[in-house]
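Please look through the sequence and the model shown here, and then read the report that goes with them.

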Amino acid sequence: MLGYIGRRAYHSVISVIGLLTLVFFLTRLTGDPSALYLPLDSSLEARQAFARLNGLDQPIYVQFFQYLHNLLSLDFGQSLRQNRSAIEVALEAFPATLKLALVAMTLATVLAIVVGALAAARPGSLFDRVAGLVSLAGASTPDFWIAIVGILVFAVGLGMLPTSGTGTALHWIMPIVVLMLRPFGLLVQVVRGTMISALASPFIKTAHAKGMKRRKIIFGHALRNSLLPVITVAGDLATGLINGAVVVETIFGWPGIGKLMIDSIVQRDFAVVQSTILVTAIAIFIVNIAIDLLYAVLDPRIRY
Amino acid sequence: MGNKSVRVIAGAMVVAGWAGWAGAQSASEIKIVLPEQPANLEPCGTIITNVGQILSRNVVEPLTIVDPKSGQPTPGLATEWKQTDPNTWQLKLREGVKFQDGAAFNAEAVKFSIERMTGGKLTCSNIAKFGDAKLTVTPIADLTVEIKSDKPQPILPTLLSVVMIVSPNTPADKAVNDPVGTGPFKLSSFTPQTVVLEAFDGYWGEKPAIAKASYVWRPESSIRAAMVETGEADLTPSIAIQDATNPETDFAYLNSETTAIRIDAGFAPLDDVRIRKALNLAIDWDGLAQLFGEDVQRASQMVVTGINGHDDKLAPWAFDAEKARALIAEAKAAGVPVDTEIELIGRNGIYPNGTEAMEAMMAMWQDVGLNVKLTMLDVNDWLRYLQKPFPESRGPNLLQMMHDNNKGDAAFTVPIFYTSGGSYSTFEDAGLDKEVADAMAATGEDRTAKFKAIFAKVHDDLAVDIPMFHMIGYTRVGSRLEWKPDITTNSEIPLANIALKD
């Protein structure tokens, strides 16, 4: 197991270095940040001074080798926008996204498993049809629309919840609901499909023949055998949430890494773009390893 | 854990959350919600909207303050000033002023702040207003300072309104996020979620009614408006016209920005004045104004009323499609290639309905016979067309742009737009260059008259550009506050001017 994790880590380090190299050059293709950081009517002299101060007057290959050299001493550069360490800015924003993603994904997965399993148990029933409709709506409705309507109804209309921001338990409700709707909708579809296949399997028929209780057959046998594809999809959705809960973070003023990444790209804050990519890439690597390990727990035939 | 326990804990969390959310503010505390997070809190960047709206005249104060009505400099930390020769100004400084860290405010502190700004060791946005001027600051007495420039600066007191005075204990070689000034409020905290200012007990002026102000940021206009409506916030600037639906709380104000189309006069057919005049005449201005709201004002020049040099009597172009067609026909008969494709370059998100405005104008120009095609660009690409050096591959083009001048004088507008060397200028006219140089060196009424003459010439005779509208901003002010926005609101929201209703 440890050997497997070591091999995955080794390959991931190579991938991350490749990714950072790509990001370094792609960000610099977007042009000179002085046009955004200095007023439009700045003199050429001021622009040159800005470039000099930030090392942007050097040829791009010199900047790249300087970047690699700094990486070796864990110097990830300074944020042009915030006048402080770029990695500090990224690490400060990351927990907010992680917490939101973790809660939303856990709730979405648990609810989807229960709803999907119950829908699969009685295909074509009223519950199945309602679950299908709700999950399809959840998976396909744009989250910015749900967020705005949620604010209009629950904050402005009913005054039950705050419009946005952080600080209290109530501030979590709308961002979590909006963020979990899409994974919930997709996972209900996956759980239902795999469960219907599992329930038609010979071992389930055998369990029925032996007189095993229906609830135990559904949740104890069929569900366990249906979880592998669910975990694969849930893993992909989870990495998506870590990478970009951008809309939710923007609308609800949630100080997370998704919005930071987009803002930094728009602002040509190169060091922060690189740091946010690094942090999210490592997080996605950890989530993927965790999913692989979970496979082994759920399916004894899988060994690393 | 039983079901009952779960219910009790969940209920307690909701109640605690509700209490924390609803009852966070006391009577003299206010919350302001801004469209954008300030990138940093460096006092040398107060001309950037989201920095200036927090710091300017709250935490840090300038030497002079431009009066929003007259455009003239009035006392700030400097109380009097006089020009001793064309290159030298002498300033008397205010007595009894202390910095928030206890340091003394005096001529040495002013010298420190100006040299920090001009030293080139940190990125300083405000210095852009001084162009390439070199300043030498000499303390004459404890509260008297002399400022020399390498060339005449007739409006130095106006320029000094962007010089924010910081404590001499501020690092001179790097930007800061913990500014210390002489203002009525001191910085309490700055996190990724909020900036908090608290009243400074040692302030030299009148004690403000506000004891504490928190700033948060939400990019969505509808959410900012909703925050004030629900009482979560007390004030938000720059809401979109479609969110400004409540006349009790939503105030329209001339926000000092002017939108226009720059004509690239370096290419045919735009190098012909008849075509440039036709471009102005072909627009149904009343129809176009529908996209900008009923409060918007037609523009005839690139600065608004109140800016020195603005000419109230200069009439905007009227809509006359027939005359436009006649001018185009006349140019065609004279050999001007009027069928050449002209690229109209717009900027995504430049202002609400900006794309729709470009689409409408393109259709109106096509209607009078010009071959105009629209290209919309994001800001980074658009900037390449706005300022020199322009892309070499460009052809005849019209550029959508917006210009903000709330600094009291046309000097911040005319040279960059209308001189041969101006960074936005596509027009080269030695005669106009000389007129601009004369205006820049003039003072008093002579200066005003010269700038007015330049605006009249570029509008009526040369038709260098297509001034569209002086833009309107909307601010939502909660029912607890007594405050109205003005032309300076884009760059400052002085908390000391906000009163609390009983």
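The report below takes the two chains in turn and then turns to one residue.

## How the model is described

This is a predicted model, in which local features need pLDDT of at least 70 and side-chain atom pairs count only at pLDDT 80 or more, while totals for chains, interfaces and linings use all residues. Residues are numbered from 1 along each chain as its sequence is written, chains are lettered from A and ligands numbered from 1 in the order in which they are written, and side-chain values use heavy atoms, with hydrogens and water left out.

## Chain A

Chain A contains 13 helices and 0 strands, where helices (H or I, at least four residues) and strands (E, at least two) are DSSP runs numbered from the N terminus. Taken along the principal axes, its C-alpha atoms fill a box of roughly 85 × 55 × 30 Å.

Of the 304 residues in chain A, 48% are buried, a term that means under 20% relative accessible area, with exposed meaning over 50% and partly exposed in between, for a 1.4 Å probe and protein chains only. The chain exposes about 14900 Å², and carbon and sulfur atoms supply 70% of this area, which comes from the Shrake-Rupley method with a 1.4 Å probe. Chain A carries 23 positive and 15 negative side chains, and the centres of these two sets lie 22 Å apart; Lys and Arg count as positive and Asp and Glu as negative, whereas His and the chain ends are not counted.

## Chain B

In chain B there are 13 helices and 21 strands, and the C-alpha trace spans about 85 × 75 × 40 Å along its principal axes. Because a compact globule with 502 residues would have a radius of gyration near 23 Å, the 25 Å of chain B agrees with that expectation; the radius is taken over C-alpha atoms, and the rule is 2.2 Å times the number of residues to the power 0.38.

Buried residues account for 55% of the 502 residues of chain B. The accessible surface is about 20100 Å², with 50% of it belonging to carbon and sulfur atoms. Chain B has 46 positive and 65 negative side chains, with the centres of the two sets 4 Å apart.

B:Asp465 is found in strand S19, which covers residues 465-477 of chain B. B:Asp465 is buried yet has no salt bridge, and the nearest side chain of opposite charge, B:Arg276, is 8.6 Å away; a salt bridge would need a side-chain nitrogen of Lys or Arg within 4 Å of a carboxyl oxygen of Asp or Glu.

Leaving aside residues up to four places away in sequence, B:Asp465 touches several residues, including B:Ile261, B:Asn280 and B:Tyr418, where contact means heavy atoms within 4.5 Å.

Key. The place of a charge is taken as NZ of Lys, CZ of Arg, CG of Asp or CD of Glu.
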